[in-house]
Amino acid sequence: MSTHFAIIGNGAAGYRAAKAIRRADGDAQVSIFTEERYPFYLRRQLGEFLSGNLTLPEIIFQSRNAYRRERIDLFLMTRIASLDPPDHAVVFTSGQRVRYDRLLIASGTRAVPFEIPGLDLEGVTTFDTLARAQEVRGAVKDVRQAAVLGEGIIGLTLAESLAARGIRVTQLVRGERFWPQMLDEQTSLRVEGILEQRGVTLVRNTAVRAVIGAGGRAIGIETADGKTLPAELVACGCRRRPAVGFVEGSGIDVGRGIRVDEALRTSHPDVFAAGDVAEPAAFDEFGDEGAAFCWQRAWTQGALAAAGMLGTRAEPVFEAVRLRTVIFGQDLAVIGRGHLAPGGNTDAVELHGERDIYRRLVFEGGVLVGAIVFGTGESVHELNRLVAEKASRQEVEATLAVTTTDARTDLLPTTFARHCPICAAELVVHHGTRAGAVLACGACNTDLVVRWDGERGWLEIRRP
Ligand SMILES: Cc1cc2nc3c(=O)[nH]c(=O)nc-3n(C[C@H](O)[C@H](O)[C@H](O)COP(=O)(O)OP(=O)(O)OC[C@H]3O[C@@H](n4cnc5c(N)ncnc54)[C@H](O)[C@@H]3O)c2cc1C
């Protein structure tokens, strides 16, 4: 009889695991359960969808037919209510039980809602699923002013994509500067500079007290210091927590997320967890900041979890990249504890390069513990490896000297580096490459089409 691999969650981790299992075992039964209504889509590119750069068929990466062709059973709008590991069963909200041989929990995160009055008004929205993004896209057509609450990656995405639509955006920043728990001061300034250049008004040292409404609709927000800011749309980029509600009572060990070992196995031998919901022991290396949520890590862990579920040996990958994103065309990567301020045995080295490229390396006791790379995708993979290897300053300098020299020779007018829209691996497109040529991503094997508009190059996913 074939083995039944069940997966809760159809995001980066769950989808990647399903594909890897199918590729390795043609006879296996593979099922994915997701509470969402769409097949796999590019969650990290919801902003591009909102700004109008991506259409619905472009953001949906795999059609339902493609799942059928690959014999992956996809259960849309199917919420798992609880688990019964001793009986190897997942339980739907209807009470129906489905047995599995191996289970992967890849349920991502849930929003922690703000606790302020007015959130039930029309015009107040969150932004974390494609269904929600569709609603927002429909709702913004007549909006001229918007307020963005929350300054995490979702708040940042909202500010960027609403501004790209020509909407006047006000974003509240709790402290003196943007994202202090993730970025150093220099990088905060750069991110703030980009947002302000694009017309986003940042209101610093301010929290929100309430959303104000008239006739059931949002018309603005009231700040903690009593100011009123007008807004027809109030978009909430709430804090996130691992989505573990349905795991409670199952006996599986849960901390901040679901605790897993190096192979992503939970405290129950036939249950694995991957992506934003998982809490690998290696997170202790980062302390609380390790709980940052990241597409690249979810994608990498999907493949690792699949190997564990199949019983094959895979080299554990220490994924120290905590964030990889693009803000108005500028790459930003945060690796490990790249934001730490110098002091005690912590030392920070700042490297300023051409085209406003900025790299920051953080050493603790002479060992690399983190980095921030802004303005380029180059050297992110090397720095991830060097953090994992706890490299010395000498090793880091030697590696960077090589990669940055390479980068310089790559800086021909028609050579550019971009990351894969699916797995975020870094790809360099060389001078002389034909526009329209198709490249395979070296990491996830996705076919990518090279685009060039005479000034700027980018990569698009080739539709199957
Ligand atoms: C607007 C936005 C912008 C982002 N930008 C970036 C970025 O630039 N860079 C970056 O690194 N990351 C970014 N992220 C974060 C990134 O998308 C996540 O880190 C990544 O999607 C995590 O993948 P995952 O597979 O762990 O979980 P998810 O992609 O969150 O998928 C979880 C899945 O589990 C399902 N699920 C949850 N609970 C249940 C249940 N009880 N029953 C059934 N199904 C369930 C959900 O329906 C979903 O399909 C962004 C996120 C958002 C929302």
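1. At 45% relative accessibility, Asn205 counts as partly exposed. On this scale, buried means under 20% relative accessible area, exposed means over 50%, and partly exposed is in between, with a 1.4 Å probe and protein chains only. Asn205 is found in the loop between strand E12 (200-203) and strand E13 (208-214). Its phi is positive, about 50°, although Asn205 is not a glycine.

2. The model is predicted: local features need pLDDT of at least 70 and side-chain atom pairs count only at pLDDT 80 or more, while totals for chains, interfaces and linings use all residues. Residues are numbered from 1 along each chain as its sequence is written, and side-chain values use heavy atoms, with hydrogens and water left out. Helices (H or I, at least four residues) and strands (E, at least two) are DSSP runs, numbered from the N terminus.

3. Arg71 also deserves a look at its backbone. Arg71 is not a glycine, yet its phi is positive, at about 55°. Its place is in the loop between H4 and E3, and with a relative accessible area of 46% Arg71 is partly exposed.

4. Helix H1 covers residues 12-24, 13 residues in total, and spans 18 Å from its first C-alpha to its last. That is close to the 18 Å expected at 1.5 Å a residue, where the expected span is 1.5 Å times one less than the number of residues. Eleven of the 13 residues of H1 are buried, so the helix is largely enclosed by the rest of the structure.

5. The crossing is right-handed, meaning that the near helix is turned clockwise from the far one by less than a right angle, with anticlockwise giving left-handed. On the H1 side the contact (heavy atoms within 4.5 Å) is made by Ala12, Ala13, Tyr15, Arg16, Ala17, Ala20, Ile21 and Ala24. H8 contributes Trp295, Ala298, Trp299, Thr300, Gly302, Ala303, Ala306, Met309 and Leu310. The residues of this contact divide into 14 nonpolar, two polar and one charged, where Ala, Val, Leu, Ile, Met, Phe, Trp, Tyr, Cys and Pro count as nonpolar, Asp, Glu, Lys and Arg as charged, and the others, Gly among them, as polar.

6. H6 has twelve residues and reaches 16 Å between its first and last C-alpha, close to the 16 Å expected at 1.5 Å a residue. H6 is mostly covered, with ten of its twelve residues buried: Ile154, Gly155, Leu156, Thr157, Leu158, Ala159, Glu160, Ser161, Leu162 and Ala163. Gly166 follows H6 and has a positive phi near 85°.

7. Thr157 lies in H6 (residues 153-164) and is buried, with a relative accessible area of 19%. Leaving aside neighbours within four places in sequence, Thr157 is in contact with Gly47 and Phe127.

8. Thr125, in strand E9, is buried at a relative accessible area of 11%. Apart from neighbours within four places in sequence, its contacts are Arg132, Val136, Leu233, Val234, Ala235 and Cys236. Its C-alpha is separated by 9.8 Å from that of Val148, 23 residues apart along the chain.

9. How many disulfides does the structure hold? It holds zero, a disulfide being a pair of cysteine sulfur atoms within 2.5 Å. For Cys236, the closest cysteine sulfur is in Cys238, 5.0 Å away and too far for a bond. Cys236 counts as buried at 4% relative accessibility, and Cys420 counts as buried at 0%.

10. Glu115 lies in the loop between strand E8 (109-112) and strand E9 (124-126). Glu115 is exposed, with a relative accessible area of 80%. The C-alpha atoms of Glu115 and Leu74 are separated by 35 Å, and the two residues are 41 apart along the chain.
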